[in-house]
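Okay, thanks everyone for coming.

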Amino acid sequence: MRRCKKKAKAQKSLQKASDAQCSEPSALMILWLETPLIYSKHISALLDANVYLKLDVLQPSFSFKYRGISHFVQQAIQTHGPDVHCIVASGGNAGLAVACAAKVLGLKCSVFLPEGASSSTLAFFKKEEAEVREIGDSYQQALAAAEDAVAAEENAVLVPAYDEPLLWEGHSSVIEETAQQLPQGAKPDAVFCCVGGGGLLGGIIIGCKAVGWDDVPIVAMETHGSNCFYQSISLNAGPFESSPLPPSEGLEVIHDTKYDCNIAKLPKLTSRASSLGASWPSPGVVKHALKRKGGIECVCVSDEMAMQTALRFADDHKILVELACATTLTSAYSPGLFDRLVPSQPAMKRTVVFIVCGGFKVSLRELGGYRTILEGEVKANPEWQVSCNGQKWSFPKD
């Protein structure tokens, strides 16, 4: 496995930023880490494929979001100066990424979130020296308060969670690194990721184009109760059979004039995978997905299938991942699903990359609760129900 040439530079830049607190805001630095790409002997043997895991769970904020958000924050310094005040409405991975980047760069950071956040979540923000403001009982109320705070302060900027090209630009580095870390001459037959609002997917699409992988299929994974991207793709002419399809019951259809595509707004989110909990996706990412040469496989699985995957991944690799991240990996532990998504080729072993995007909202106690839920689920239904590009598939529960 080859190492990225950027690694030493990135580490030196990170140390310089931490020591100097960004005393020279005109100099953009790489704050994210070059994370390992590892060959998974466990999953490779199970799937009869060359399976690589990109471990962005090892970023300073425990998720891929640190890439794009640290990039956005540095651009904010360029625009607003070294006294810029970073404001974010998020009690999740986006919020923690902003807090981490702001601390490294010596910036003021305020995190707005609904009342009732867990003590462990608040402890993470406290460690990053972020100001936490708990307002209202919903995300919409917290976001409104954050927007009011930005409007009232000249030097404040609202850091977005996913719908922003600068974020996608930063996230694209995950593919640029992967292309350098794979064995020389290797090109994946598919790249797997999860998708909520679409920030990571936007970065992967841009990164694939930059490294000559625009023809490589991307498999975008969601859960049934949080699938705004899947629903949005179905509303447009594209990969779904007989698309555009009529909207599902209760779905609000919004036509985005800038990108000339239809967007689905979910009436409610029912999935336990809270980090996938976007009511609607980025229109720009939907458009990029519809246009790309290699296409998009949109796949929805159940929360319980993701739970089983999280447990098996922890057993095999000794790494805890959020339910959203485990959603990415579901086909890694379902050979039947994997074979449908990446058909085998004569005399050629398949090579795939799973983006292990991470997330800090996971614990041993939570994984223990999954076991109890799964005991009842297996008895209730012997098969997993999976949706892919408008088709319905079933696979036995192992």
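**Salt bridges, sheets and one asparagine**

Let's start with Lys187, which forms a salt bridge with Asp215, the closest N and O atoms being 2.9 Å apart. By salt bridge I mean a side-chain nitrogen of Lys or Arg within 4 Å of a carboxyl oxygen of Asp or Glu. Lys187 sits in the loop between helix H8 (173-181) and strand S7 (190-194), and Asp215 in the loop between helix H9 (199-210) and strand S8 (218-223), so this pair ties together parts 28 residues apart in sequence. Helices (H or I, at least four residues) and strands (E, at least two) are DSSP runs, numbered from the N terminus.

Before I go on, the ground rules. This is a predicted model, where local features need pLDDT of at least 70 and side-chain atom pairs count only at pLDDT 80 or more, while totals for chains, interfaces and linings use all residues. Residues are numbered from 1 along each chain as its sequence is written, and side-chain values use heavy atoms, with hydrogens and water left out.

The cut-offs are under 20% relative accessible area for buried, over 50% for exposed, and partly exposed in between, with a 1.4 Å probe and protein chains only.

How many salt bridges does a search of the whole structure find? Eight. One of them is Asp48 with Lys349, the closest N and O atoms being 4.0 Å apart. Asp48 is in the loop between helix H2 (41-47) and strand S2 (49-55), Lys349 in the loop between helix H14 (335-341) and strand S12 (350-356), so parts 301 residues apart in sequence get tied together. Lys349 is partly exposed, at 44% relative accessibility.

Then there's Asp339 with Arg350, at 2.8 Å, N to O. Here Asp339 belongs to helix H14 and Arg350 to strand S12, so the pair links parts 11 residues apart in sequence. Asp339 is partly exposed at 38%, but Arg350 is buried at 5%. And there's a network: Lys54, Asp56, Arg67 and Glu177 are joined by salt bridges that share partners.

Now the strands. I call two strands paired if DSSP finds at least two bridges between them. Four strands make an open sheet with parallel pairing, in the order S5-S4-S3-S6. Its edges are S5 (131-134) and S6 (156-158), each pairing on one side only. Strand S3 (residues 85-89) pairs with S6 over three parallel bridges, and His85 stands opposite Ala156 in S6.

Elsewhere we get antiparallel pairing. S11 (residues 296-301) is joined to S13 (residues 383-388) by two bridges, with Cys300 partnered by Ser387. S13 also pairs with S14 (residues 391-396), antiparallel, over six bridges. In that hairpin, with two residues between the strands, Asn389 takes a positive phi near 45 degrees.

Last stop, Asn236. Where is it? In the loop between helix H10 (228-234) and strand S9 (252-256). Asn236 is buried, at 7%. A polar atom of its side chain lies 2.7 Å from the backbone oxygen of Ser232. Beyond neighbours within four places in sequence, Asn236 is in contact (heavy atoms within 4.5 Å) with residues including Ser243, Cys261 and Leu290.

Methods: A polar contact is a pair of N or O atoms within 3.5 Å; within protein, one must be able to donate a hydrogen and the other to accept it, and residues adjacent in sequence count only if both atoms are side-chain atoms.
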